[in-house]
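Dear colleague,

My notes on it follow.

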Amino acid sequence: MTEKITDPWDLRKVLREIADDPENYHETDVAIDPDAEISGVYRYIGAGGTVERPTKEGPAMMFNNLQGFSDSRVLIGLMASRRRVGKILHHDWQTLGRFLKDAVENPVHPITVPKEEAPVQEVVHLATDPDFDLRKLVPAPTNTEYDAGPYITCGLVKGSMPDKSMTDVTIHRICIEGKDTMGMYIMPGGRHIGHFQKEFEKLGKPMPITINIGLDPAVTIGATFEPPTTPLGYDELDVAGALRQEPVQLVDGLAVDEQALARAEYVIEAEIMPNETIVEDINTHTGHAMPEFPGYNGDANPAVNLVKVKAVTCRRDRPIMQSVIGPSEEHVSMAGIPTEASILELVDKAIPGKVVNVYNPPAGGGKLMTIMQIHKENEADEGIQRQAAILAFSAFKELKTVWLVDEDVDIFDMNDVVWTMNTRFQGDMDIMVLPGMRNHPLDPSERPEYDPKSIRFRGMSSKTVIDGTVPFDMKDQFERAHFKEVPDWKKYLD
């Protein structure tokens, strides 16, 4: 029998830790409309990333007074700062990629708890109830006035193979379409949930899922790994367990044959219907879905998977709806840090000791761009930097641009990184272009009409390496100006 954990990790425990830190957390009781206004406000306060300017890095925000949802709250921006993520995970923010890499390699498996120990099942609404209406139960915001509808932007979808031999968690964009229907976008060939769902379709059966909302960021960030780092059959909840050195708690669903995260704030129990789709913007006809991580409005999909809701469960005490702005710094943390870990996992095996650190910056939404800090020890290492770039593309197929820099460059400072292109780079010899490769279909430049010679189908791209490293035999000609070390410099600020 598993010993009960007295103060287990969940979103509320995280918020208690940062509640008294105004740089990282702020609550407001001012009334706000979930329809476009929350994102509209937070854009100015802390969204960051590639959100429309003006924006900046700022505190996470809890909105306590929601129009139409008096008993609920909305949290936004919890992960919209890499430094805040480091604080939350109790780890140095600059080496989070290695921290996650180690977690993947040392998994801690989830455990199942009884319903009595699952706060998320304190309140139960069944779709068979006469007054059931998902739109009134779940305060899902819209990011803009042009969205296809209210979106669940930070809902962890949990599903399994029909025979329960494998299970997985992933995050998808999910639009609330009706009182018990949703549209869910599963990127073709992209995630394990999609593989499981195809197996259910072969059997002509709906796929039971739970959509878990309001989670410890260790769960949310750990769940965004992709192959080859977490191959088919790897349960990413093991990563969160390793990050916290505490197993994630699961509970059996009440209306579907799937488990839920016991310490979530909300759970939607549902089924993905076999061979049934819905027009994503069926209610608004705007042509837009929602703002996506590259910084543009995503196109409404004419045929997203139809999801039928069976139940909504939540906490009794003012449950927290967690929301994410697609192009914000929050997406960079969720997608970028696991990608850094995936790259480090591969390069450390292939060329150990040659890649010091990796950073996926907001300029690429955490997915499209990586900066690699290279260690050249002798002349035999010249060229190893470009080998590292090729490995990075292998580790994560949606990567589009790799920037290579030396150890004296701060990879977290884009001024320092771009400086290498102006002083350690020549365009005719330090650019590698790899045309006709697969990438991410949400990049609007990846369409045949943009580059017909290299892009045959949407989602293909030319991948680029910018080599801003100094040739090993010329290192002495590229030494930065050295300044005097003054260890007690802070006294001059007192």
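**Strand pairing and surface**

Within strand E23, Ile466 is the bridge partner of Ile431. The model is a predicted one, in which local features need pLDDT of at least 70 and side-chain atom pairs count only at pLDDT 80 or more, while totals for chains, interfaces and linings use all residues. Residues are numbered from 1 along each chain as its sequence is written, and side-chain values use heavy atoms, with hydrogens and water left out.

E23 belongs to an open sheet of five strands with mixed pairing, in the order E19-E20-E21-E23-E22. Its edge strands, E19 (355–359) and E22 (431–438), each pair on one side only; two strands pair if DSSP finds at least two bridges between them. On average, neighbouring strands of this sheet are turned by 20° against each other, direction ignored. Strands (E, at least two residues) and helices (H or I, at least four) are DSSP runs numbered from the N terminus.

E22 and E23 are antiparallel and share six bridges. E21 (residues 401–406) pairs with E23 in the parallel sense over four bridges. Thr401 has Thr464 of E23 as its bridge partner, and Leu404 stands opposite Asp467 in E23. Six of the eight residues of E23 are buried, where buried means under 20% relative accessible area, exposed over 50% and partly exposed in between (1.4 Å probe, protein chains only).

Helix H11 (residues 414–423) lies across E20 (369–374) and E21, at about 85° to E21. Contact means heavy atoms within 4.5 Å; axes are lines fitted to C-alpha atoms, for helices over the stretch in contact, and angles run from 0 to 180 degrees between N-to-C directions.

There is also an open sheet of four strands, again of mixed pairing, with the order E1-E2-E3-E18. E1 (25–28) and E18 (320–323) stand at its edges with a single partner strand each, so one side of each is left without a neighbour in the sheet. The twist averages 20° from one strand to the next. E1 runs parallel to E2 (residues 60–63), joined by four bridges, and His26 has Met61 in E2 as its bridge partner. Helix H1 (residues 11–18) lies across E1, E2, E3 (73–76) and E18, running at about 80° to E18.

Lastly, Tyr492, in the segment after E23 (460–467), counts as exposed because its relative accessibility is 62%.

Kind regards
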